[in-house]
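Dear colleague,

My notes on it follow.

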Amino acid sequence: MNGGTRDRAVAGRLLPWTGVDGRPCYLVSDGTGYVARLADEIEDVQIDMADALLGHAAELLAERRVTGEELHYLARRLSESLRDVARVAESRGARLAPAPRP
C-alpha cells in the first residue's frame with residue numbers, strides 16, 4: 001500500500017488497555033465507532049490522572065516526613081501512570097498524518 005489512511009487503519013490503533021495476558025490490544029476501524037470513542041475517553045482519564053498524580057507527588061515530596069512505604073507507593077503509581085501516558089503518546093503519534101513530501 002502507499003502509506004495513506006488505509007495503511008494506518010489496517011495497522012490498527014493501539015488501545016489504552018492490554019489484554020488478559022498483558023499483550024497490546026489494537027482496533028482496526030475508521031476511528032468513529034463505540035470502541036474508538038471509549039478509547040478516547042479512557043486516554044483522557046489517564047492523562048488527567050497523571051496530571052493529578054504529579055500534583056500529589058510534588059506535595060508529598062515537599063513534606064519533611066515521608067516514609068519509605070509512602071515513597072514506594074508513589075513510585076509505583078508514577079510508574080503505572082508513565083506507562084499509561086507513554087501508551088497514549090505512542091497511539092496518538094502513530095495516528096498522526098504523515099508529513100507531506102516535497
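In these notes, a residue is called buried under 20% relative accessible area, exposed over 50%, and partly exposed in between (1.4 Å probe, protein chains only). Please note that the model is predicted: local features need pLDDT of at least 70, side-chain atom pairs count only at pLDDT 80 or more, and totals for chains, interfaces and linings use all residues. Residues are numbered from 1 along each chain as its sequence is written, and side-chain values use heavy atoms, with hydrogens and water left out.

Charged pairs. Taking a salt bridge as a side-chain nitrogen of Lys or Arg within 4 Å of a carboxyl oxygen of Asp or Glu, the count comes to six. In one of them, Arg-92 pairs with Glu-43, their closest N and O atoms being 3.0 Å apart. Because Arg-92 belongs to helix α3 and Glu-43 to helix α2, this pair ties together parts that are 49 residues apart in sequence. Glu-43 is buried, at a relative accessible area of 1%, whereas Arg-95 is partly exposed, at 33%. A salt bridge also joins Arg-95 to Glu-43 (3.6 Å, N to O). Asp-44 and Arg-92 form another, at 3.3 Å from N to O. Through shared partners, salt bridges link Arg-13, Asp-40, Glu-43, Asp-44, Arg-92 and Arg-95 into one network.

Nonpolar core. A core here is a set of buried Ala, Val, Leu, Ile, Met, Phe, Trp, Tyr and Cys residues joined through side-chain atoms within 4.5 Å. The largest has five residues: Leu-15, Cys-25, Leu-27, Ala-36 and Ala-39.

Note on methods: Helices (H or I, at least four residues) and strands (E, at least two) are DSSP runs, numbered from the N terminus.
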